[in-house]
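Please look over the structure below before reading on. The briefing that follows covers its surface, its sheet and its charged pairs.

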Amino acid sequence: MFDQARLDLDDLRLYDSRNREIPFKIDVRRAQERQAELTARAFNQVSNPDRSASVSLDLGAVRVEHNALDIRASGSDFRRRVRLEGSDDEKQWGVLFDKKYLVQYRVGATTIDIHRLTYPVSRLRYLRVQVFPETGNDEDKPNIVSASVFHSVKEPGEYQTLRADLEPRQATPVLGAPGSSWFINLGGARHLVRAVAFRN
């Protein structure tokens, strides 16, 4: 299809057995990650005696899958441990993860900011988040500014590995200096190309 149609596919038409034109949409099945934010009611936000901060989240009576947590905390230049627990009834809690870290540091002109943490897919209604102060920093007292829950799905996409022939080297000057170029022959057909791999 891509080899015979125009590059913008504007001349492509589909017809049924009665010669009626069929509407269509081109969907390139590339790898991607889709994320949907879920509605979560925050409650029981407290500061604990050990200087950690906690908040609970209610995802509602209708069970939905979730597997990612986005946490925003006060302060800067920190590495703080996070613990996440889940429950169906607010009485019995299980650990979804522990010893994952919120990180925020500025290195030169670059800011390292890690605030999205993932865990195995869960359908538990209640979540309880606890952010601990940075180890070794007696002055650190985090405050949870916000906590959002997401359902993240990774779609692997569909790819084919095609043979390509590397044509002989051609002498091609570059900015007035000697240079080299090679044409890659894909066999005469037009393909959507995502990556090219070279081997010695």
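**Briefing**

Leu7 has its place in the segment before strand 1; strands here are DSSP runs (E, at least two residues), numbered from the N terminus, and helices are DSSP runs as well (H or I, at least four residues). The model is predicted: local features need pLDDT of at least 70, side-chain atom pairs count only at pLDDT 80 or more, and totals for chains, interfaces and linings use all residues. Residues are numbered from 1 along each chain as its sequence is written, and side-chain values use heavy atoms, with hydrogens and water left out.

- Leu7 is exposed because its relative accessible area is 75%; buried means under 20% and exposed over 50%, with partly exposed in between (1.4 Å probe, protein chains only).
- From Leu7 to Leu127 the C-alpha to C-alpha distance is 49 Å, and the two are 120 residues apart in sequence.
- Met1 also lies in the segment before strand 1, which spans residues 32–38.
- Met1 belongs to a nonpolar surface patch together with Leu14, Ile22, Phe24, Ile26, Val28 and Leu192.
- Together the residues of this patch have about 580 Å² of accessible area, a value from the Shrake-Rupley method with a 1.4 Å probe, where for residues only the protein chains shown count as cover.
- Patches are made of residues with over 30% relative accessible area and no salt bridge; like charges are joined within 9 Å, and nonpolar side chains (Val, Leu, Ile, Met, Phe, Trp, Tyr) within 5 Å.

- An open sheet is formed by six strands in the order 2-3-9-5-6-7, with antiparallel pairing; two strands pair if DSSP finds at least two bridges between them.
- Strand 2 (41–47) and strand 7 (110–114) are the edge strands, each pairing on one side only.
- On average, neighbouring strands of this sheet are turned by 20° against each other, direction ignored; the axes are lines fitted to C-alpha atoms, for helices over the stretch in contact, and angles run from 0 to 180 degrees between N-to-C directions.
- Strands 5 and 6 run antiparallel and are joined by eight bridges.
- Leu84 stands opposite Phe97, a residue of strand 6.

**Salt bridges**

- The structure has 16 salt bridges, each defined as a side-chain nitrogen of Lys or Arg within 4 Å of a carboxyl oxygen of Asp or Glu.
- Arg13 and Glu21 form one of them, at 3.7 Å from N to O, and Arg13 is partly exposed at 42% relative accessibility.
- Asp70 and Arg116 form another, with their closest N and O atoms 3.1 Å apart.
- Asp70 is in strand 4 (residues 66–73) and Arg116 in strand 8 (residues 116–122), so this pair ties together parts 46 residues apart in sequence.
- Asp70 is buried, with a relative accessible area of 6%, whereas Arg116 is partly exposed at 31%.
- Between Asp98 and Arg83 there is a salt bridge whose closest N and O atoms are 2.9 Å apart.
- Because Asp98 lies in strand 6 (residues 94–107) and Arg83 in strand 5 (residues 78–87), the pair ties together parts 15 residues apart in sequence.
- Both partners are partly exposed: Asp98 has 29% relative accessibility and Arg83 has 22%.

**A buried histidine**

- His66 is found in strand 4 and counts as buried, at 0% relative accessibility.
- A polar atom of the His66 side chain lies 2.8 Å from the backbone oxygen of Leu124.
- A polar contact is a pair of N or O atoms within 3.5 Å; within protein, one must be able to donate a hydrogen and the other to accept it, and residues adjacent in sequence count only if both atoms are side-chain atoms.

**Positive phi angles**

- Asp77, although not a glycine, has a positive phi of about 55°.
- The loop between strand 4 and strand 5 holds Asp77, which is partly exposed at 43% relative accessible area.
- Lys99 is not a glycine either, and its phi is positive at about 60°.
- Lys99 lies in strand 6 and is exposed, with a relative accessible area of 58%.
- Val107 lies in strand 6 and counts as exposed at 53% relative accessibility.
- Val107 and Asp77 are 9.8 Å apart in space, C-alpha to C-alpha, and 30 residues apart in sequence.
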